[in-house]
Amino acid sequence: GFDNRHFNGPRDVAVTADGIVYVADTDNQRIQKCTSDDGYSYACETFYGITAESRQSSDYFVHLNWPNSVDVGPDGKVFIADTGAQRIMVISPEGKYLTSIGQVGGPDENYPEDTGSAKFTDARGIAVDADGNVLVTDQWNHRVQKYAPGVDGWHQANLNNFGWTETTWVLSMADFNGKIYAGTSTDWGAQVWELDPSDWTTQG
C-alpha cells in the first residue's frame, strides 16, 4: 500500500538506540520513520522521499530512486543507499538533505588521480559503524567501499582488501559488537565475511 500503515517492497530497516525504526520502503520510493510509545504498536510517517514518485532530473534532492538500504550514524544522521541514483544520501535527524556520497562510474574531475574508487555501480547495502565510517556494498563493482567522516568529499578511506574476483554480489552488511559482517554471493554459494579488527576473514 501507499499510506503510512503499509509498505511496498521494504528492503531494509535500521533501529536507533532509543527505538526509532527507519524502513527503506523501496517500491514506494521513500524512507519511513516509525515510533512507538509502548514498544509494540508503531506509527509511521514519511521521513524522506515522495511516496510512489521516483527521482527526476529536475528534483534531484527531493525524490529517491529505489532506496534499498538505510542506516543511522552515531550522531543521528540517516544514510540512504539510493541505488537507482548511484549515491548515498546523508540526511539530518530532522529530515533535511545534507550531502551525497559517491557518483556514477569514471574518475572524479576534482580528483583526477581517482580511478573509480569513489564511484558506484548499484550501491545497495549500507552500514555505519560507531566511529561514523560509512561502508557500502558496491554491487556490480564487486566490492565494499569504506568512507571516513571528515574526508573531503567522503572519498574512500580504506578498503581492507575485501572481496574476491569470484564474488558476484555483495548485498548486505551490518555492524555488530564492534565487528563488520558482510553477506556475499559466489559461484559456489553464499559467504559471510567478518572484519575484526582490520582484516577480512570468511566465516563460511
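Student: How many disulfides does the structure hold?

Tutor: This is a predicted model. Cysteine 34 and cysteine 44 form a disulfide, with their sulfur atoms 2.0 Å apart. A disulfide here needs sulfur atoms within 2.5 Å. The count for the structure is one.

Student: Which strands hold cysteine 34 and cysteine 44?

Tutor: The pair ties together parts that are 10 residues apart in sequence. That is because cysteine 34 lies in residues 30-35 and cysteine 44 in residues 43-49. Those strands are S3 for cysteine 34 and S4 for cysteine 44.

Student: What is the handedness of the disulfide, given its S-S torsion?

Tutor: Look at the torsion about the S-S bond of cysteine 34 and cysteine 44. The angle is about 105 degrees, so the disulfide is right-handed.

Student: Is cysteine 44 buried or exposed?

Tutor: Buried means under 20% relative accessible area. Cysteine 44 has 18% relative accessibility, so cysteine 44 counts as buried.

Student: What is the order of the strands in the open sheet of four strands?

Tutor: Strand S1 (10-15) and S4 each pair on one side only. From one strand to the next, the twist averages 25 degrees. The pairing is antiparallel, and the order is S1-S2-S3-S4.

Student: Which residue of S2 is the bridge partner of alanine 14?

Tutor: S1 and S2 pair in the antiparallel sense over five bridges. They form a hairpin with five residues between them, and glycine 19 in the turn has a positive phi of about 90 degrees. Across from alanine 14, the partner in S2 is tyrosine 22.

Student: Which residue in S3 is the bridge partner of tyrosine 22?

Tutor: Strand S2 covers residues 21-25, and five bridges pair S2 with S3 in the antiparallel sense. One of the facing pairs is alanine 24 opposite isoleucine 31 in S3. For tyrosine 22, the partner in S3 is lysine 33.

Student: Which residue takes a positive phi in the hairpin of S2 and S3?

Tutor: This hairpin has four residues between the strands. The phi in question is near 60 degrees. The residue is glutamine 29.

Student: How many residues of S2 are buried?

Tutor: Take the two faces in turn. Val21, Val23 and Asp25 point one way, Tyr22 and Ala24 point the other way, and all are buried. S2 is mostly covered, and its buried count is five of five.

Student: Which strands stand at the edges of the open sheet of three strands?

Tutor: The order is S11-S12-S13, with antiparallel pairing. Strands at residues 123-128 and 143-147 each have a single partner strand, so one side of each is left without a neighbour in the sheet. Neighbouring strands here are turned by 20 degrees against each other on average, direction ignored. The edge strands are S11 and S13.

Student: Which residue in S13 stands opposite aspartate 138?

Tutor: Strand S12 spans residues 134-138, and five bridges join S12 to S13. The two run antiparallel. Opposite aspartate 138 stands arginine 143.

Student: What is the mean pLDDT of the protein?

Tutor: Of its residues, 79% reach 70 or more. Over residues 105-115, though, the pLDDT is below 50. It also stays under 50 over residues 156-160. The mean for the protein is 82.

Conventions:
Residues numbered from 1 in each chain as written. Predicted model: local features only at pLDDT ≥ 70, side-chain atom pairs only at ≥ 80, totals over all residues. Heavy atoms only, no water. pLDDT = per-residue confidence, 0-100. Contact = heavy atoms within 4.5 Å. Pairing = 2+ DSSP bridges. Axes fitted to C-alpha atoms, helices over the stretch in contact; angles between N-to-C directions. Buried < 20%, exposed > 50% of the residue type's maximum accessible area, 1.4 Å probe, protein only.
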